[in-house]
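Visitor: I would like to learn how to read a structure of this kind, one feature at a time. Could you take me through it slowly?

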Amino acid sequence: MRLHPTLIALAAALALPLSTRAAPSDLTVVAPYVRLSPPGTANTAAFMTIRNTGNSDRKLLRVESPVARSVELHSHSNDHGVMRMRQVTEIELKAGVHTELKPGSYHVMLIDLRQPLQEGDTVPLTLSFDDGDSSRIDAPVRKPQTVIDADPGTAPATRMQH
Ligand SMILES: [Cu+2]
């Protein structure tokens, strides 16, 4: 039996989206940005919100970026009244929760920048999750907002802006 050409074309059209479709992700990265660091500073941080609309808890394990020689996941903690950053091995993304990476909390630390970042630059970030999924995003470089300047634990040097 020979297939009618229309059927073959239909089969091809149906097969294509199936074969090229990426696995649907429960994770969405919203409003990423990289904080513009003061001149002479070799490190800065990236912030974003990660929505987990799935039914299972997930974890952010790693972030990579070509703009920095090292990228770490950090948290802020209150150590006897002093806010300190520390490296963490993962950031939990609870099911049904919007996890905020923000000043004074979890953030992506960009360490030893290869060159100074300018406002308006776009920083590529690749996020790797615990199920083997990864997500490539572009984060614009932004000046610290007033509310960030007011946070004593995160951006003491930003008041030195000219
Ligand atoms: Cu940090």
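Visitor: Which residue takes a positive phi in the hairpin of β9 and β10?

Guide: This model is predicted, so please take every value here as computed. In the hairpin of β9 and β10, where four residues lie between the strands, the residue with a positive phi is glycine 132, at a value near 90 degrees.

Visitor: Which faces does β9 have, covered and uncovered?

Guide: The general idea is that in a regular strand the side chains alternate between the two faces of the sheet. In this structure the covered face of β9 holds Val123, Leu125, Leu127 and Phe129, while Thr122, Pro124, Thr126 and Ser128 make up the uncovered one. On its pairing with β3, the sense is again given as antiparallel, over four bridges, and there leucine 60 stands opposite phenylalanine 129 in β9.

Visitor: Which residues of the largest nonpolar core touch the most other members?

Guide: That core has 23 residues, and those touching the most other members are Ala46, Val108, Leu110, Val123 and Leu125. Two or more residues come from each of β2 (44-52), β3 (58-64), β6 (91-93), β8 (107-113) and β9 (122-129), and β2 gives the most, with five residues.

Visitor: Is strand β5 buried or in the open?

Guide: A residue counts as buried if 20 or more other C-beta atoms lie within 10 Å of its own. Of the six residues of β5 (residues 82-87), the number buried is zero, so this strand lies largely in the open. Its partner is β4 (residues 68-79), which runs antiparallel to β5 and is joined to it by six bridges; in one of these pairings, histidine 74 has glutamine 87 as its bridge partner. For the protein as a whole, buried residues make up 20% of the 162 residues.

Visitor: Which residues other than glycine have a positive phi near 50 degrees?

Guide: Histidine 80 is one of them, with phi near 50 degrees, and it sits in the turn of the hairpin that β4 and β5 form with two residues between them. With 5 C-beta neighbours inside 10 Å, histidine 80 counts as exposed. Alanine 31 also has a positive phi near 50 degrees, but its place is in strand β1 (residues 27-35). Alanine 31 is exposed as well, with 10 other C-beta atoms within 10 Å.

Visitor: Which strands pair with β1, and in what sense?

Guide: With β2, the strand β1 runs antiparallel and is joined by six bridges, and valine 30 stands opposite threonine 49 in β2. With β10, by contrast, β1 pairs in the parallel sense over two bridges, where arginine 35 has arginine 142 as its bridge partner.

Visitor: How far apart are histidine 98 and threonine 28, in sequence and in space?

Guide: They are 70 residues apart in sequence and 9.3 Å apart in space, taken from C-alpha to C-alpha. Histidine 98 belongs to strand β7 (residues 98-101), and, leaving aside its neighbours within four places in sequence, it is in contact with Thr49 and Arg51. Histidine 98 is partly exposed, with 13 other C-beta atoms within 10 Å. Across the protein, among contacts between residues at least 6 apart in sequence, 67% join residues at least 24 apart.

Visitor: Where does pLDDT stay under 50?

Guide: Where pLDDT is low, the predicted coordinates should not be read in detail. Here pLDDT stays under 50 over residues 14-22, for which the model has zero contacts beyond four places in sequence, and also over residues 147-162, for which there are 23 such contacts. The mean pLDDT of the protein is 83, and 75% of its residues reach 70 or more.

Visitor: How many helices and strands are there in the protein?

Guide: There are two helices and 10 strands, and, read along the sequence, they follow the pattern α-β-β-β-β-β-β-β-β-β-β-α.

Note on methods:
Residues numbered from 1 in each chain as written. Predicted model: local features only at pLDDT ≥ 70, side-chain atom pairs only at ≥ 80, totals over all residues. pLDDT = per-residue confidence, 0-100. Contact = placed C-beta atoms within 7 Å. Buried ≥ 20, exposed ≤ 12 C-beta atoms within 10 Å, placed from the backbone. Pairing = 2+ DSSP bridges. Core = buried A, V, L, I, M, F, W, Y, C linked by C-beta atoms within 7 Å.
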